[in-house]
Amino acid sequence: MDTFSRLYKLVCLLLKAIPMSLSARLQPHHRVFAAFAIYAFGLGQIFPRLPDIKFAMGIEEGALGLALMGISVGTITALTLSTVLVTKIGHRIAILALVPAMALFFAIASFASEPLAFFFLLIPAGLCIGAVEIIINVEADRVEAGMDRRIMSRAHAFWSLGFFGAAAYSAIMVKFGITPQTQLMASIPICILLTWLFLQAFQPATIRATGSHDKPPIVAKPTLAIMVLVGVTLSSMLLEGASIDWTAIYMDSVFVAIPEMGAIGVATAALSQGMVRYFGDRFVDRFAPTPVARGMQTVMALGIITVFFAPDPLTALVGFALIGAGNAMMFPLAMSAAAQRTDRPAAINVAALAQFSFVTFLLAPPLLGFIAEHFGLRWTFGIGLPLVVLSFALSGALGSKPAKHTTKAACA
């Protein structure tokens with residue numbers, strides 16, 4: 001704790017030395033990319049360390065899965081209820097406070113000695129996650145609307161790259177025997193420094209002009225068409241959650257690999273996901289959403305099979321890379337399809353898809369924890385294969401025509 005206090009004082013001195021002009025020189029879309037990456041770096045600290053936290057609590061996978069629901073409960077609650085509060089506080093103040101607060105709450109949760117305490121201590125972190133998700137996605141949409149280029153997929157690519165950075169950092173911490181608690185406490189001043197350095201001059205972009213100014217309801221009822229799109233996202237949402245929550249434990253338990261291999265597995269999935277997201281819009285523009293989606297679902301299925309039958313850690317890493325690449329664009333494609341529907345305002349269709357798709361994140365941790373404990377960790381990924389088949393069959397709802405080239409290619 002004395003080391004942490006010294007680090008915190010050092011960060012405070014650095015913050016005073018950083019001029020506002022450094023952050024102000026960034027272009028708006030660069031600040032959006034930075035927000036996604038810094039948020040993901042803070043978010044990604046705890047998941048590669050779950051094997052150590054699980055071991056310290058002396059629990060099995062089922063209990064850990066139930067405890068991880070705390071993140072989902074907080075996230076879905078914030079996604080549903082925090083919009084008015086965030087708007088009242090202001091996006092700038094909210095993001096400057098919530099990203100470090102999320103890191104703080106994850107650090108506190110890592111000290112939990114039993115799963116019930118872990119569950120309740122994760123809820124505040126989940127609340128921060130949901131609120132930040134609203135801010136950065138709204139900002140990305142507004143900035144994109146004011147430019148002549150797409151940035152949404154690339155913004156999510158920076159999320160994946162930030163998560164990769166967190167996993168790589170965790171691998172180094174594991175290599176040198178640093179405890180999860182020390183790592184997560186040290187991440188707080190790092191997040192404060194990065195947030196202040198790149199987002200100090202953050203100012204919300206102009207509100208996007210839309211055909212309707214009606215606010216979506218708190219719970220947007222899905223139509224049959226939206227439920228089809230939920231089905232399209234089901235496999236990717238489940239497998240992305242599985243990759244985040246269970247990759248490190250899978251690598252640690254199935255192969256009894258070198259300690260840092262779990263964090264390397266998380267980093268591998270995040271890196272491949274980020275690379276596909278970075279260039280994904282170009283393929284959608286050229287080949288149309290449905291063929292791209294089905295190609296990615298095929299890659300995702302190959303990844304599941306590879307992970308399920310992997311005889312060694314290196315083969316499993318190939319499988320995780322395929323899973324990360326395969327699920328990279330599925331949710332953005334479905335969101336675009338929902339927004340383009342004309343049966344009712346786009347905001348309502350988007351809200352309905354987001355709310356019902358994120359239910360997967362709420363149900364996935366206990367479901368996958370139960371499967372891992374009773375059928376083995378390989379099945380936490382194997383269960384995704386029939387869902388990929390379902391998503392493949394429903395992907396025609398995404399559209400079969402290439403996007404019109406009305407925008408220039410995105411550039412950072």
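**Ground rules.** The model is predicted: local features need pLDDT of at least 70, side-chain atom pairs count only at pLDDT 80 or more, and totals for chains, interfaces and linings use all residues. Residues are numbered from 1 along each chain as its sequence is written, and side-chain values use heavy atoms, with hydrogens and water left out.

**Whole chain.** Show the cartoon. It has 18 helices and 0 strands (DSSP runs numbered from the N terminus: H or I of at least four residues for helices, E of at least two for strands). Of the 412 residues, 52% are buried (buried is under 20% relative accessible area, exposed over 50%, partly exposed in between; 1.4 Å probe, protein chains only). Take contacts (heavy atoms within 4.5 Å) between residues at least 6 apart in sequence: 87% join residues at least 24 apart.

**Colour by pLDDT.** This is the predictor's confidence in each residue, from 0 to 100. The mean is 85, and 87% of residues reach 70 or more. Now select 404–412. Here pLDDT stays under 50. The model has 20 contacts beyond four places in sequence for this stretch.

**Select 180–199.** This is helix α10, with 20 residues. From first C-alpha to last it reaches 27 Å, close to the 28 Å expected at 1.5 Å a residue (1.5 Å times one less than the number of residues). Its buried residues include Leu 184, Ile 188, Cys 191, Thr 195 and Leu 199.

Leu 271, Met 275, Phe 279, Phe 283 and Phe 287 make a nonpolar surface patch of about 450 Å² (residues with over 30% relative accessible area and no salt bridge; nonpolar side chains joined within 5 Å, like charges within 9 Å). Met 275 lies in helix α12, residues 261–287. Its relative accessible area is 43%, so it is partly exposed.

**Salt bridges.** There are 5 (a side-chain nitrogen of Lys or Arg within 4 Å of a carboxyl oxygen of Asp or Glu).

- Arg 49 and Asp 52: closest N and O atoms 3.0 Å apart. Arg 49 is buried at 2% relative accessibility; Asp 52 is partly exposed at 33%.
- Glu 260 and Lys 175: 3.7 Å between the closest N and O atoms. Glu 260 sits in the loop between α11 (224–254) and α12, Lys 175 in helix α9 (152–175), 85 residues apart. Glu 260 is buried at 12%, while Lys 175 is exposed at 56%.
- Glu 240 and Arg 277: closest N and O atoms 3.9 Å apart. The pair links helix α11 to helix α12 across 37 residues of sequence.

Definitions and conventions
Areas by Shrake-Rupley, 256 points an atom, 1.4 Å probe, with all protein chains shown as cover.
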